[in-house]
Amino acid sequence: MAEKKTPREILESKGPIDKDVLGIKLRGVKPDAALVDLQTPIPLDAQFDLVRRGQKEALELIRHSSAHVMADAVQRLFPGTKVTFGPATENGFYYDFDRKGGAFSDEDLAKIEATMREIIATKSSFKRERISREDAIALFSGKGETYKVEWMQTLPPDTEFTVYRHGPAGHEWVDFCKGPHVPNTADLAAIKLTAVSGTYWRGQEGNPVLQRIYGTAFASEKALEAYLKQVEEAKARDHRKLGKELELFAFDEAAPASPFFLPRGAKVYHRLVDYVRDLYFRYGYDEVVTPQIYSNEVFRTSGHLANYRENMYMALTVEEFEDEKVFAKIRESMTDPTGDPEKLAFLAKHTRGVKAMNCPGHAQLFSHRKRSYRELPWRCADFGRLHRFERGGVVHGLARVRTFCQDDAHIFCTLAQVEAEIGKFNALLDEVYGAFGFQDVNIKLATRPDKRMGSEAQWDEAERALGKALEGVGRSFEISEGEGAFYGPKLEYHVKDAIGRSWQLGTIQVDFQMPQRFELKYVDEHGKDQTPVMLHRAVLGSLERFFAVYLEHIAGNFPVWLAPEQICLLTVSEKVEDYAREAEGFLRSRGVRTALDLSPDKLGAKIRSARGMRYPYLAVIGAKEAEGRTLALRRGNEELGALPLEQIADRLVDEGKFPRKG
RNA sequence: GCCAACCUAGCUCAGGGGUAGAGCAGCGGUUUCGUAAACCGCAGGUCGUGGGUUCAAAUCCCAUGGUUGGCUCCA
C-alpha cells in the first residue's frame, strides 16, 4: 500500500495553511468519497483541490460538524439521551436522538442553540482517531449508546472504524463517525436550529420513534440571513396563502384534503384544461369521458384491487350494507392483507370501487370493439376526476389531495411505435414547460419497485425501451432505482421553479401488464391478433398539484392568458360609473375577462387592493376617459396612457391567447 | 398511520382560570375624489367539537376532527 499522509501534513510541508481552508476535494474519486477533511490520511500522490470557507463543498463539512456540536449540546443538557445519526443535508443538517423524556420543545431548541454557541466558542479542534471495531463497540457500549453499537455491528468486516472528538479537555464529546469535519469548532460561524420532528430509527415504520432536530449552518452570518430570507420568500409564495388571498380555492372539514375551487380559481383551472385540450388537438389525441365508479371486476383485472386497495375508496350500496352475511364477507375480504385470489374474486363480484386511475377504464374502452393496427397509436385522453385515499399526515394544500384530475392519457401502440411516441411526448413537454416558463427540466428513469406485477423479462424490456427512447432524442437522464409504478417503469420529468425548488410534473410509463390483463388485442396487417403496449402519460401531472407549483412559481402573478380576470377597471368617482359599466360590457363582449371596482374608495385605495389581487392590467376611468371613450391603462407599475377601448380589447385578446411554440 | 405544534370574527392575529379584543374585509353614512390605505358609525364569535376538573374554563386535563412541520408514502 502506498504511503499516506494527511492533507494537513502535505500542505504544511509547503508552508502555513490558510485558515479559510476547511478540507480538500480529491480528484478522480467518486463524488460521495471526494470530500475529505485535513486529518484523514490520503495517498501521497493524490491529486486534490482545496475546499475553502464560502465554497459549496465547505457547507457539507460545516453542517456535519454542526450536527456533532448539536448532539454534544443535547447530551450536556439532557443526560441519558442516546445519539443515532446526524448527517448534513441539502439545506442544513439534522441529528436523531432517543430522548427519555420524549420530544424537544421550542424552549429546548433555544437552550440547545445557546449551548452550541458555548461549545463553538471553546475553539476546540475536531480530532480524528482510528479505532478497532472491538474498541469502538466497547467505548459506545460503555456510554450506553445502543443505537451506535447496533449500527456498528451491522457494518461489513472491512469497514475502517473512526471516531471524531471535539471540545475542551475533560469535556470532550466523541461520536462514531467517518467524517469529514472542519478543523475547529470555531469554523462554525452561523448556526440556527429550525425544527423538531419525529422519525423512525433507520427510517422504518414500526421501529422506535426518535426525535429529530433540524438545523442549518452557513459559512457566514450573512449567508445564513440570505437563506432565512429565501425561506421567508418561499413562505410568501405558499400556494395555500395565495389561494386564500386571491380567492382561488378553499378547503373545508366537510371534505378534508379535497379542494373547493372558487370562481376565480375555477377560471384558471378551466383555462389550463382548455390549453391542454388545444395541445391535444394538435398532437393527435382523442379525449374521452369515462365513469367514476366501476365494478371491482375491472380493478381486479387491472391489479388495483390487489395492489392499490389501501388508496382506493370503495362504493357500497345500502343493499350491500343490509345483507349482513355479504357485508361481513366484503369486510373480511377487503381487509385481508394477503390478497387471497378467492377473496378478490368475491369482491370483484359484489363490490364497486371509485377510480383512482383512469387506465382500467381506458383498457375497458379499448376492448369495446375490434381494433385495427391502422388506428394505432391511439392516444386516449381523459380529464376524469380521481379519488385516492391519502393518509392524514401526507396531505398538503393542493399539492397532495384526495381528489384530483390529471391531464391523463393512455397511448395504445405497437412495441415498434413506443420509441417514436416517447419522442413525440418529449416534444409536447418541451412546448408546455416552455409555455409556463420552466427552464430547467430533469428526467429520471424510475425502475422496478419491490411490489410489482409481471416477469423480470418484461421489466427488462420496458426499462430498456424507455432508456433507448430518451437516448434516441438525445436527452440525458438519471436512474431512480426502485421508484417505478407497480405495473411498469416510468420517466419522471422534474422542473425547477423560480426559487430553485424541484417538482415532478410529467411522467410517461411503459406498461405491458395492463394490456395483457385486459387481454387487449388489435388485428395486425396479416389479420392476426396482437397485444398492444400501453403508455401512461401526463404532462402537467395532477392539475391540482400543477396549480400549486405554478402559483408558487409565478408568486400569484398569472399571465394574461391564464389570469382569472385579465383587467380590472377602476373608477375615479361615481360620476363615470355608467361609462365604466359600458366599457366592462364591451370588453366582456370581446371575450376579455374583466373585473370592475365601483366602490366609493379613492383611486389610490382601489389601486392598492387591485394590485393585491394581482390583475395583469389595471384601467383607470375618470372624466377624461369617459369623454374620449378610452381607458388609462396600467401594467404593474408602468402607466401606458389613455388608449381607445377597441385597442385595449385587441391587445388583451391577443395576449390572452394560448402560448404556442413557433 | 407515526412524532410534535396549532385551531379565538370572513381574513391576519392579541388574550392563557374571573363579563371575548384589535386591524383589515363587510354594512350604513359623510366625502365625488386621478395612480399603493379618506373620515365617522354599526354589526359580527357557544374561542374546532364532545366530555371532565373547578364556585368559575377560550385558558387546565382527556377524547375527537381539522390544519401545519417532519417521518413514511406519493400525481
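**First stop: a loop arginine**

Select R448, which sits in the loop between strand 22 (441-446) and helix 17 (456-472). Helices here (H or I, at least four residues) and strands (E, at least two) are DSSP runs, numbered from the N terminus. Before going further, please note that this is a predicted model, in which local features need pLDDT of at least 70 and side-chain atom pairs count only at pLDDT 80 or more, while totals for chains, interfaces and linings use all residues. Residues are numbered from 1 along each chain as its sequence is written, chains are lettered from A and ligands numbered from 1 in the order in which they are written, and side-chain values use heavy atoms, with hydrogens and water left out.

Is R448 buried or exposed? R448 counts as buried because its relative accessibility is 18%. The classes are buried (under 20% relative accessible area), exposed (over 50%) and partly exposed (in between), found with a 1.4 Å probe and protein chains only.

Now show the side chains of D460 and E463. The R448 side chain makes a polar contact of 2.7 Å with that of D460, and another polar contact, of 2.9 Å, links it to the side chain of E463. A polar contact is a pair of N or O atoms within 3.5 Å; within protein, one must be able to donate a hydrogen and the other to accept it, and residues adjacent in sequence count only if both atoms are side-chain atoms. Leaving out residues up to four places away in sequence, R448 touches E456, W459, D460, E463 and G482, where contact means heavy atoms within 4.5 Å.

**Second stop: the end of a helix**

Next, select H553 in helix 19 (residues 543-553). H553 is buried, because its relative accessible area is 12%. Its side chain reaches the backbone nitrogen of A498 at 2.8 Å. Beyond its neighbours within four places in sequence, H553 is in contact with R237, F436, G437, F438, D497 and A498.

Display RNA strand B. Which of the 54 residues around RNA strand B come nearest? They are S197, R400, R608, R611 and E625; a residue counts as near if one of its heavy atoms lies within 4 Å of the strand. Of the RNA strand B atoms that come within 4 Å of the protein, 51% belong to sugar and phosphate.

- H396: an N or O atom of its side chain is 3.2 Å from a phosphate oxygen of RNA strand B.
- K490: a polar side-chain atom lies 3.2 Å from a phosphate oxygen of RNA strand B.
- P600: a polar backbone atom is 3.1 Å from a base nitrogen of RNA strand B.

Several elements each supply at least two residues of the surface near RNA strand B, among them strand 12 (209-218), helix 8 (239-245) and helix 22 (623-628). Helix 21 gives the most, with six residues.

Now zoom in on S197, which lies in strand 11. S197 counts as partly exposed because its relative accessibility is 28%. Apart from neighbours within four places in sequence, S197 is in contact with L210, Q211, R212 and Y214.

Select G179 and P180: the peptide bond from G179 to P180 is cis, with omega near 0°. P180 is in the loop between strand 10 (173-176) and strand 11. Another cis peptide bond runs from L376 to P377, with omega near -5°, and P377 is in the loop between helix 15 and strand 19 (378-382).

While you are there, colour helix 15 (residues 359-366), where six of the eight residues are buried. Those six are C359, P360, G361, H362, A363 and F366.

Then visit E247, which has a positive phi of about 55° although it is not a glycine. E247 lies in the loop between helix 8 and strand 13 (249-250). A257, also not a glycine, has a positive phi near 60° and lies in the loop between strand 13 and strand 14 (260-261).

**Last stop: the whole chain**

Zoom out to chain A. Its secondary structure comes to 23 helices and 33 strands, and its C-alpha trace spans about 80 × 75 × 55 Å along its principal axes. Of the 662 residues of chain A, 51% count as buried.
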